[in-house]
Amino acid sequence: MQEAREIRGLDLDREGRCRHYHLPVDVLALYCATCQAYYACYQCHAALADHDFTLIQKDQKGALLCGVCRTSFDQETYRALGHCPRCQAAFNPACQRHAGLYFASEKEKNHNGGVRFNER
Ligand SMILES: [Zn+2]
Ligand SMILES: [Zn+2]
Ligand SMILES: [Zn+2]
């Protein structure tokens, strides 16, 4: 049996929801390669760590963690299913729009499309 996987973050509940994201579907945790730990969200990481979130490589296993059953899986699985492969917990579809924040491969892709700045 694997040891329990810890999720770091602010005001976490038992399933890994944090101060910033606390809908029923916000149970997905992200792995920071520098911390070698899972965080509830990138804002939690910014509050707790003294470095930028370190993007995980696309082929790295265990990039994501289900807060409900603490099963880790990779990005491909997440994209293909949209829910936990073990307990079927649904994940927030909005998270996929933030993929560039979390996944190095997405960031590179976006590079070609140019950078967009928000107007006031
Ligand atoms: Zn970190
Ligand atoms: Zn958070
Ligand atoms: Zn699960």
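What share of the contacts in the protein with a separation of 6 or more comes from residues 24 or more positions apart? Such residues account for 47% of these contacts, two residues being in contact if their C-beta atoms, placed from the backbone, lie within 7 Å.

This is a predicted model, in which local features need pLDDT of at least 70 and side-chain atom pairs count only at pLDDT 80 or more, while totals for chains, interfaces and linings use all residues. Residues are numbered from 1 along each chain as its sequence is written, and chains are lettered from A and ligands numbered from 1 in the order in which they are written.

The protein has four helices and five strands, which follow one another from the N terminus as β-β-β-α-β-β-α-α-α; helices (H or I, at least four residues) and strands (E, at least two) are DSSP runs, numbered from the N terminus. Of its 120 residues, 27% count as buried, a term that requires 20 or more other C-beta atoms within 10 Å of the residue's own, whereas exposed means 12 or fewer and partly exposed lies in between, with C-beta atoms placed from the backbone.

Tyrosine 21, in the loop between β1 (7-8) and β2 (28-32), is in contact with Asp26, Ala40 and Cys41 when its neighbours within four places in sequence are left aside. Its C-alpha atom is separated by 9.7 Å from that of asparagine 92, 71 residues apart along the chain.

Most residues other than glycine have a negative phi.

| Residue | Phi | Loop |
|---|---|---|
| Arginine 70 | about 60° | between β4 (64-66) and β5 (72-73) |

Arginine 70 is buried because 20 other C-beta atoms lie within 10 Å, whereas glutamine 88 counts as exposed, with 11 C-beta neighbours inside 10 Å.
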